[in-house]
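Welcome, and thanks for taking a look at this one with us. Please have the sequence and the model open side by side as you read.

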Amino acid sequence: MTSNTITVSLPQLAKMIDHSLLHPTMTDADILAGLKIAREHKVATACVKPYCIPLAVKELAGTDVLVCPVIGFPHGNSTTEIKVAEAIAAVKAGGAEIDMVVNVGKVLGGDWEYVTEEIRRINDAVKAEGALLKVIFENDYLKDDHIARLCEICTNLDVAFVKTSTGYGFVKQADGSYNYKGATVRHLRLMREKAGEKVQIKAAGGVRTLDDLLHVMSLGVTRIGATATVAILEEARKRGIGNEPVEVSFKPMKGAGETGGY
């Protein structure tokens, strides 16, 4: 397996992570435990469901960990009006970054006017309140030309981030089971190529190890969504990554050599 290297520090890795607290079965006790992890490890944000915003704001007060609510999550099927209202309410409640899911059916149907106008309205509303927007594509459902077009739209609208997946975009497989790939190397390369220089990339779904994180960083990703935050940062410490930048090697993610479609 090919060896790759990158220079990183522990604080830099922590600030790459949106600690994900989005599973539908999470209780308030689970959320509190997750917010404690986010606080102690000084990650970039805690990514929470909208009703959790007040709790997250309270638990993260006095830290530099931001609150990142999700909108239209996970399927993106609310009306544009509801998504805009939800986003504004989320920012007013304390959300500093907003992760919004596109209307996947409209993307697949090629209704680019609808898709563009929805992203425009939500982005304008979020920015007017002093927050930033991440647009979730749900790549497992899409073809390369859909992803490329979404990157172009988000670039033209000055969206802050484009994001691969919700982590819940399950696709029916040939054997009848449901699964997802999430952030793949091929799609991340495509997104970095097609999105403008000012648009950042968030990889979510399938980034579960330190090697995964280091690999996506090498592709130009500046943020990941993760539930495995503790394991990733503990592994970083074990490999000698500390407060000062150090060069480390990583194993490429599974499927790093993929060039074809799904």
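## Active site

Which residues does the UniProt annotation "active site" cover? The unreviewed entry gives Lys 163 and Lys 202; UniProt positions are given in the numbering used here, feature names are shortened, and annotations may be inferred rather than shown by experiment. The two span 40 residues in sequence, yet no two of their C-alpha atoms are more than 4.5 Å apart, so they gather at one spot. Lys 163 belongs to strand S7 (residues 161-163), where helices (H or I, at least four residues) and strands (E, at least two) are DSSP runs numbered from the N terminus.

## About the model

This is a predicted model, in which local features need pLDDT of at least 70 and side-chain atom pairs count only at pLDDT 80 or more, while totals for chains, interfaces and linings use all residues. Residues are numbered from 1 along each chain as its sequence is written, and side-chain values use heavy atoms, with hydrogens and water left out.

## A helix contact

Now to a pair of helices. Trp 112, Val 115, Thr 116 and Ile 119 in H6 meet His 146, Arg 149, Leu 150, Ile 153 and Cys 154 in H7, contact meaning heavy atoms within 4.5 Å.

## Backbone details

Two loops deserve a look. The peptide bond from Phe 73 to Pro 74 is cis, with omega near 0°, and Pro 74 sits in the loop between strand S4 (66-71) and helix H4 (80-92).

Glu 138 has a phi near 65°, a positive value in a residue other than glycine. Its place is in the loop between strand S6 (132-136) and H7. Most residues other than glycine have a negative phi, and most peptide bonds are trans.
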